[in-house]
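Here's a quick tour for anyone meeting this structure for the first time. Have a look at the model, then read on.

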Amino acid sequence: MESVRRTPVGIIGAGRLGQAMARTVLRAGRKAVIANSRGPETLKSVLSVLGDGVSAGTVAQASGSGIVVIAVPWPRIREAVQGLAWDGQIVIDATNNFDSTGLDGRTSSEVVADLVAGARVVKAANTLTAEVLGSDPHEAGGQRVLFLSGNDVAAKSEVIALFEDAGFFTVDLGDLAKGGQMQQIRGPLAGLNLIRVPERPKA
């Protein structure tokens with residue numbers, strides 16, 4: 001597990017969500033390599049905003065990290081991950097499918113898991129807007145709540161460590177089917193921005 005924590009987090013997608021995840025990675029004291037479909041040479045302005053600790057790479061380079069974040073719009077996921085090698089990486093699915101048709105009763109993250117067969121998928125960071133996700137999770141004397149779900153316990157532990165190191169309070173919802181259903185669009189947790197405030201000691 002320590003080897004995963006020492007390597008940069010790969011982020012596929014350099015838009016608002018990808019940049020928010022890069023800021024989260026930096027808050028966790030780790031480095032990130034961010035990629036888009038147009039190549040690392042197009043990311044100079046993004047790097048200037050994010051600062052030290054984030055480098056630009058190809059999508060293949062980002063996907064070779066121990067933890068990889070998918071942060072592209074739902075219609076572009078298949079194209080974004082096509083042809084990449086998946087061999088045990090932890091993939092954080094931070095995407096949202098705003099059109100639930102075509103899922104055949106499955107969650108969107110179960111579909112993503114098929115697209116990255118060989119990786120270990122954890123659904124996380126999708127219930128918050130990019131602006132909120134990328135901001136300081138310490139607010140009102142508490143911690144911003146972040147939900148996650150996945151079928152692999154060890155993979156979830158690594159993702160929990162990443163977000164908790166960044167200052168979030170994490171809640172494990174279970175597997176991709178039941179937990180993912182609560183997280184995805186039109187689920188009960190979609191769009192909720194909750195703060196956990198520590199209980200004050202009784203007088």
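Buried means under 20% relative accessible area, exposed means over 50%, and partly exposed falls in between, using a 1.4 Å probe and protein chains only. Keep in mind that this is a predicted model, where local features need pLDDT of at least 70, side-chain atom pairs count only at pLDDT 80 or more, and totals for chains, interfaces and linings use all residues. Residues are numbered from 1 along each chain as its sequence is written, and side-chain values use heavy atoms, leaving out hydrogens and water.

**Overall build**
- The protein chain has nine helices and ten strands; these are DSSP runs numbered from the N terminus, with helices (H or I) of at least four residues and strands (E) of at least two.
- Of its 203 residues, 48% count as buried.
- The C-alpha atoms of the protein chain fill a box of roughly 60 × 45 × 30 Å along the principal axes.

**Glutamine 183**
- You'll find glutamine 183 in helix H9, which covers residues 178-183.
- Glutamine 183 has a relative accessible area of 1%, so it's buried.
- Leaving aside residues up to four places away in sequence, glutamine 183 touches Lys123, Ala124, Asn126, Thr127, Phe147, Leu148, Ser149, Leu173 and Ala190; a contact here means heavy atoms within 4.5 Å.
- A polar atom of the glutamine 183 side chain lies 3.4 Å from the backbone oxygen of phenylalanine 147.

Notes. Polar contact = N/O pair within 3.5 Å; in protein donor to acceptor, adjacent residues only side chain to side chain.
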